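This report describes selected features of one protein model, from its helices to its ligand site. Please consult the sequence and the coordinates alongside the text.

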Amino acid sequence: MASHHNDRLTDDERHRLDNDGFVILHDVLSSKQVGAIVERIQQLAETAERDYSREAVIEPEMIKVLDLINGGEVFDVGYTHPRVLAAVNHVLGGDMKFHSMGSRSATPGYGHQALHLDFGRDLGRPHPAGCNTLWTLVDFGCHNGGTRLVPGSHTSGQNPREVLDDPKADVPGEIRLEAPAGSVVVFGGHTWHGGAQNLSDDVRWTLLTAFCKRDHLQDPPVAEMIDDNVRARLSEESHRLLYL
Ligand SMILES: O=C(O)CCC(=O)C(=O)O
């Protein structure tokens, strides 16, 4: 898949993925794109009925919107951006498809999570079964719940929920995501991470797009839920990536 080629990443970015288990890509979205995506998430959150039974972790205080593949053209960048796809491809060892796209946006005072893995399968192997991408739609920092990430944890072969006495507490070496709006942090499914409390007065808007190996199930299977008008505008490459 030519457009996923590794030459879209710098040596340092590849090094960070291999050594830290994540990389922050800057200037992925323009401020216009950021504004349009936030506006659409906000609209959908206000108008679409929320189905808590679909949420892996029920967090009523979060603004959560699922299935953004059908949310409008502003979300197409979530599965077409060449540098993001190159980073995901690197993490997954060249075996990838789209998994899911949604928003988990932390409202003021909320958002803290236990450290966790997004894809526990293949723990201990070099390539996880999945890779997540978190798109910052506002400037992220400690003040508004910048994500907790533990560099190097992806090679531990361990699940933080099984080995930590208190996965909600800070662990040595943990960092907090600090990145301007329009950045994307790409982190493998074995990288220990978790949301943090939003201490600001504003919503910490976020888009999450996950990818997985081709033998892993999508959530939900895209072929069963994608709207016809979205399907009609996809490139051949996106057809393959979405597993249609
Ligand atoms: O919101 C965040 O900062 C992280 C979200 C996350 O890790 C999750 O929902 O699994």
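Is Ser-238 buried or exposed? Ser-238 is buried, with a relative accessible area of 5%; buried denotes under 20% relative accessible area, exposed over 50%, and partly exposed the range in between, computed with a 1.4 Å probe on protein chains only. The residue belongs to helix H7, which spans residues 236-242. Helices are DSSP runs of H or I of at least four residues and strands are runs of E of at least two, numbered from the N terminus. Leaving out residues up to four places away in sequence, Ser-238 touches Tyr-79 and Thr-80, where contact means heavy atoms within 4.5 Å.

The model is predicted, so local features need pLDDT of at least 70 and side-chain atom pairs count only at pLDDT 80 or more, whereas totals for chains, interfaces and linings use all residues. Residues are numbered from 1 along each chain as its sequence is written, and side-chain values use heavy atoms, with hydrogens and water left out.

Helix H2 comprises the 17 residues 31-47 and reaches 24 Å from its first C-alpha to its last, close to the expected 24 Å; the expected span is 1.5 Å times one less than the number of residues. Its buried residues are Val-34, Ile-37, Val-38, Ile-41 and Leu-44. These residues lie on the same side of H2 because they cover an arc of only 130 degrees around the axis, the arc being that of the directions from the helix axis to the C-beta atoms. An α-helix has 3.6 residues a turn, so residues three or four places apart point the same way. Strands S2 (63-65), S3 (97-105) and S9 (206-212) pack against the buried residues of H2. On the other side of H2, Ser-31, Lys-32, Glu-46 and Thr-47 are exposed. Ala-36 is also placed in H2 and is partly exposed, at 30% relative accessible area. The C-alpha atom of Ala-36 is 21 Å from that of Leu-85, 49 residues apart along the chain.

In helix H1 (residues 11-19), the buried residues are Glu-13, Arg-14 and Leu-17. They cover an arc of only 100 degrees around the axis, which places them on the same side of H1. Their cover includes strand S1 (22-25), helix H3 (82-92) and strand S7 (184-188). After H1 comes Gly-21, whose phi is positive, near 90 degrees.

**The ligand site**

Around the ligand are Arg-104, Gln-113, His-116, Asp-118, Leu-134, Thr-147, His-193, Gly-195 and Arg-204; a residue is counted here if one of its heavy atoms lies within 4 Å of the ligand.

| Residue (polar side-chain atom) | Distance to a ligand oxygen atom |
|---|---|
| His-116 | 2.8 Å |
| Asp-118 | 3.4 Å |

Ser-105 is in strand S3 and counts as buried at 0% relative accessibility. Its side chain makes a polar contact of 2.8 Å with that of Ser-103.

**Cysteines**

How many disulfides does a search of the whole structure find? The search finds 0 disulfides, each defined as a pair of cysteine sulfur atoms within 2.5 Å. For Cys-131, the nearest cysteine sulfur is that of Cys-212, 11 Å away. Cys-131 is buried, with a relative accessible area of 0%, whereas Cys-142 is partly exposed at 37%.

**Backbone features**

The peptide bond from Asp-219 to Pro-220 is cis, with omega near -5 degrees. Pro-220 is located in the loop between S9 and helix H5 (222-225).

Asp-122 is not a glycine, yet has a positive phi of about 70 degrees. Asp-122 sits in the loop between S3 and strand S4 (130-136) and counts as buried, at 11% relative accessibility. Tyr-243, likewise not a glycine, has a positive phi of about 70 degrees. Tyr-243 lies in the segment after H7 and is partly exposed, with a relative accessible area of 40%.

How values were computed. Polar contact = N/O pair within 3.5 Å; in protein donor to acceptor, adjacent residues only side chain to side chain.
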